Structure formats: C-alpha cells, structure tokens
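Here are my notes on the model, as numbered points. I start with a loop residue and then go through the helices, the strands and the cores.

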Amino acid sequence: MSRTIAIDPVTRIEGHAQVFLDIDDDGKLINGGLVVNELRGFERILVGVEADRVPLITARICGVCPSAHHLAASKALDEAAGVTPPPAAKILRELLYMGHIIHSHVLSLFVLSGPDLVMGLDSDPATRNIVGVVNAVPEIAKKALRLRTLGQKINEMIGGRGIHPVTSVAGGISFTLDHEKHKTLVEWTDEALKLACELLPVIKSLFRKLMEANPEILATWNIPCWYMGTVQDGRMNLYDGKLRIIDDKGVTKHEYAAKDYCQYIAETALDWSYMKPMFVLNGSEQQSYRVGTLSRINSIDSIDTPLANKEMLDFRAEFGHPCHCSIMHIYARAIELIYVCENARRLVDNSAIWGETRIPVKFRGSRGVGHVEAARGTLIHDYEIDEDGIVRSANLIVATQQNYTAINRGIMQAATSHVLRKNDKEILNAVEFAIRCYDPCLSCATHAAGKMPLTIDIRRNGETIRQIGRVVDAAN
C-alpha cells in the first residue's frame with residue numbers, strides 16, 4: 001500500500017502549483033513532483049498578430065519578469081528583419097535589463113527566499129513573510145527594498161513603464177537619452193552598487209546560518225547534471241552571447257547561437273502537468289540539465305566586473321566547480337546581484353550610449369530567434385513571420401520548464417531528508433524551500449489576494465486517511 005502527500009498550493013513563488021509525494025507503508029519515497037495546473041496559451045495567442053506588436057504582448061506574459069520577454073521578443077524581431085540595432089540601442093536595452101534583474105534578484109533574495117533565510121525553516125509560517133523580515137531586521141529590509149526600488153526606477157525610465165515596458169522595438173529602442181535622465185541614472189546606479197555591496201555580506205551570513213541549522217541540505221540536496229548559460233567570449237553576459245552547455249564535470253559540450261537551439265535541446269510532455277520538461281540532445285540519450293543563477297556561475301569562465309568576479313572565484317574555491325547543490329542558486333543569485341549593479345554603472349558611463357537608437361525594419365518572411373538570460377534562466381523566443389509581417393508560429397522556451405526535471409528531483413531529495421524523519425510542519429517547509437531555490441515562475445501569474453490554504457492529503461489506495469496543513473495570508 002502507498003500514501004500520497006499533496007501540497008497545494010505552493011506558496012511564495014510566481015504562479016500556482018501542487019506538489020505530490022507518493023510514499024509506501026515502509027516510509028520509502030516512491031515518487032514526487034510539481035504539478036503545474038494552469039495553461040496560459042501565449043504561443044497560440046501570438047499567431048496572427050502583427051510582428052511589431054509582439055514585444056508589447058509578450059511583456060504581459062508576466063508581471064514579475066516582463067522585461068525579459070520584452071527584450072527576447074525584440075531581439076527575435078531584429079533577427080527576423082535581418083537588422084542590427086545601433087550601439088546606443090543595445091546599451092539602453094541592456095541597461096533596462098540590468099534594472100530589471102536588480103529588481104527581480106532582490107525580490108527573490110529578500111521577499112521570497114528572504115523569510116526562510118532571516119527566520120529559518122522552522123519558524124512560524126504566519127510570520128515567515130516579508131512583513132516578518134521587516135520586523136526582524138528593519139535596517140536590512142529598508143536597504144533591500146530601496147535597492148529593489150532603484151532597479152525598478154531604472155527599468156521604468158528606460159522601458160517607459162515600471163511593469164510591462166514598451167520602448168524596445170524591432171530595430172532598437174524608441175527613445176534617446178537626454179542629459180537630465182543620464183545624470184539621474186548615474187546617481188541611481190551609484191547608489192545601487194553601494195547598497196548591493198552592503199547587502200552581500202548580510203546575505204552570505206544568513207545563508208551560512210541556514211546551512212548550519214540544516215546540515216542535511218548541504219549534504220543531500222545535490223543534483224549532478226548538465227548546465228546551460230550564456231557566455232560572451234567565455235564571460236558572463238545576461239543580455240547577449242552564445243549558449244554554452246557543460247556536463248556534470250564542467251567540460252564544455254556545446255556552444256552555439258540561440259537560433260540553433262533545436263539541435264541541442266528539446267521539449268517533452270507529461271500527462272499530469274501542463275509544464276513541458278526539457279533535456280539536452282546527447283546522441284541517443286536525453287540528458288537532464290539546469291539553467292539559472294547556479295548554472296550561469298557553473299558555465300562561465302569569468303565575470304568581467306571585478307567585485308562579482310572575486311565573489312565567483314571565492315564561491316568556486318569553497319563549493320567546487322561545477323557546484324551541484326540546489327541551495328546554491330541563492331548564493332549565486334547574490335553574486336549576480338553584484339554583477340548587474342557593477343554592469344549597470346559601467347553601461348551608464350559608456351560613451352556609445354549617445355546616438356541613434358533605432359533603424360527602420362521590414363520583415364521579409366523569415367524566422368527570428370532571440371534570447372536573454374532571464375532572472376530564472378535562459379529564455380528563448382522563436383517566431384516565424386510572413387512577408388506581411390504577421391506571426392505564423394511562435395515557440396517560447398522559459399527557464400522553469402528547463403529546470404522542471406531538477407525541481408522534481410529536488411522535491412524528492414527534500415522529502416527524503418525531511419519528510420521521512422521529521423514532523424508535519426517540516427514537510428511543508430522543506431519541500432517548499434527546495435522549490436523556491438529555483439525561484440520558479442510557473443505560469444507567469446500572480447497569486448490572488450486573500451487567504452491561501454496549504455494542505456497535505458495522506459492517502460492509501462486513493463482514499464484520504466488524514467490531512468495536515470495550514471491557512472496563511474497570501475503574502476506568505
């Protein structure tokens with residue numbers, strides 16, 4: 001006989017999902033996974049749309065990562081039209097994106113994972129949220145929220161809107177920078193880098209405290225697999241470059257242009273979830289892989305900003321290269337936060353930021369593929385556009401589906417290390433934390449306001465024999 005533990009919904013992630021754990025009478029874990037029970041259908045919505053509208057529509061896929069979709073779509077249109085945007089447009093697009101990543105990484109580190117880091121996995125779920133963080137460490141919370149605001153301000157100034165940006169278009173960007181805005185950007189990026197440097201030791205300290213309190217995480221939450229990230233001449237780049245795939249030993253297996261992704265990675269389907277997992281095509285084998293912050297740290301040779309590169313080298317010296325521990329996504333996110341702040345400051349000082357920002361485009365009936373490194377990992381937009389400039393097909397490869405197999409393995413590791421030996425409360429805490437390490441964006445949707453129940457059904461032969469759970473505020 002077996003029993004099924006279901007966690008529904010999972011909290012403090014973007015989107016809605018259910019977790020299941022199948023355990024037999026002897027306490028052995030049979031299976032586990034994340035069930036994504038929403039279908040958005042944007043790939044179908046885009047068919048028949050005028051191509052120049054695509055960056056505006058795709059920005060509305062998500063309220064948390066709109067700039068990633070906005071820029072990936074714009075870059076795909078550039079390729080479909082066969083144009084290269086002017087240097088100033090490239091710089092402004094990348095600067096917009098640095099603002100977005102600042103905002104997103106601070107959100108993940110301090111609002112989503114932050115309550116776990118500050119108060120611990122065993123703390124009361126009623127207070128383990130952003131309000132609890134503000135009450136527990138008000139000065140740290142103040143700095144974090146200010147840094148998040150600065151990222152959003154950069155994104156808003158260049159993108160035209162704080163959420164769902166509108167300025168990136170086929171052939172460039174729809175405005176030119178003036179000196180007043182430039183002066184403000186200098187001030188914002190100076191402040192952002194200062195705050196990031198002040199917050200980094202805090203994040204590292206909280207992270208180590210969590211590992212010391214939960215040594216089984218560091219010992220058992222390891223998923224040796226392949227990794228994919230974007231590199232430009234071997235260096236980290238979140239906006240542009242080639243996609244590099246390394247194996248579980250750190251050996252580079254492939255490095256290719258995003259337009260060739262179908263030759264290297266592929267989707268598959270499940271009969272119990274709307275999300276489609278992916279794998280690397282490795283001869284006749286299907287090789288699991290990960291994307292995201294840890295994958296990027298594993299995939300690159302170096303970071304071309306000094307502070308972040310030093311942190312990356314220290315990380316590798318302590319935890320190895322490649323590092324396979326899932327919790328290290330959080331640490332890697334902190335390193336990237338330093339990088340994007342350094343890079344934003346550098347971009348503002350680049351003299352090429354002044355000049356023409358857009359060139360005319362004409363679609364010729366062709367395919368365009370664009371990609372960026374979204375906060376959660378590699379994002380690819382692929383469009384077929386006809387001679388009239390109408391989208392005839394669309395394919396969107398998002399980060400979380402590429403991490404799906406690893407997330408499911410992480411759920412099983414969390415269950416093995418916690419569920420089988422500890423109490424009901426820690427079932428909820430450990431499994432949810434394992435998922436949050438990936439900062440998943442499941443449906444690019446937000447939770448509803450109000451109460452959000454979290455329950456575990458324990459079943460035998462399909463019949464519920466007992467139920468555990470909690471009801472918490474949506475902020476939790």
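Which residues does Arg-161 touch, not counting residues up to four places away in sequence?

1. The model is a predicted one. In it, Arg-161 touches Arg-60, Asn-155, Glu-156 and Val-166, with residues up to four places away in sequence not counted. Arg-161 belongs to the loop between H7 and strand S4 (168–169). Its relative accessible area is 37%, and Arg-161 is therefore partly exposed, since that class lies between 20% and 50%.

2. Helix H7 covers residues 138–159, and its length is consistent: at 1.5 Å a residue its 22 residues should span 32 Å, and the end C-alpha atoms are 31 Å apart, which agrees. Gly-160 follows H7 and has a positive phi, near 85°.

3. The buried residues of H7 include Ala-141, Ala-144, Leu-147, Leu-150 and Ile-154. The buried residues of H7 pack against H3, H4, helix H6 (130–136), strand S5 (172–173), helix H8 (179–213) and helix H12 (328–349).

4. The largest nonpolar core has 128 residues, and Leu-147, Ile-327, Met-328 and Tyr-383 have the most contacts inside it. Helix H4 (residues 87–112) supplies the largest share of this core, with 15 residues. A second core is separate and has 17 residues, including Met-228, Ile-265, Val-369 and Ile-380.

5. Ile-327 is one of the residues with the most contacts inside the largest core. Leaving out residues up to four places away in sequence, Ile-327 touches Phe-207, Leu-210, Met-211, Ile-217, Phe-433 and Cys-437.

6. Strands S14, S15 and S16 make an open sheet in that order, with antiparallel pairing. S14 (366–374) and S16 (391–397) are the edge strands; each has a single partner strand, so one side of each lacks a neighbour in the sheet. On average, neighbouring strands here are turned by 10° against each other, direction ignored.

7. Within this sheet, S14 pairs with S15 (residues 377–385) over nine bridges in the antiparallel sense, and a hairpin of two residues joins these strands. S15 and S16 are antiparallel and are joined by six bridges. Their hairpin has five residues between the strands, and Gly-389 in the turn has a positive phi of about 75°.

8. Tyr-383 in S15 stands opposite Gly-368, and it also stands opposite Ala-394 in S16. Tyr-383 is also among the residues with the most contacts inside the largest core. S15 is mostly covered, with eight of its nine residues buried. Helix H3 (residues 66–81) lies across S14 and S15 and runs at about 150° to S14.

9. Strand S8 (residues 242–246) is mostly covered as well, with four of its five residues buried. It runs antiparallel to strand S6 (residues 226–232), to which five bridges join it; Val-231 has Lys-242 of S8 as its bridge partner. S8 also pairs with strand S9 (residues 252–256) over four bridges, again in the antiparallel sense, and Ile-245 stands opposite His-254 in S9.

10. S8 and S9 form a hairpin with five residues between them. Gly-250 in its turn has a positive phi of about 95°.

Notes. Residues numbered from 1 in each chain as written. Predicted model: local features only at pLDDT ≥ 70, side-chain atom pairs only at ≥ 80, totals over all residues. Heavy atoms only, no water. Core = buried A, V, L, I, M, F, W, Y, C linked by side-chain atoms within 4.5 Å. Buried < 20%, exposed > 50% of the residue type's maximum accessible area, 1.4 Å probe, protein only. Contact = heavy atoms within 4.5 Å. Pairing = 2+ DSSP bridges. Axes fitted to C-alpha atoms, helices over the stretch in contact; angles between N-to-C directions. Expected span 1.5 Å × (residues − 1).
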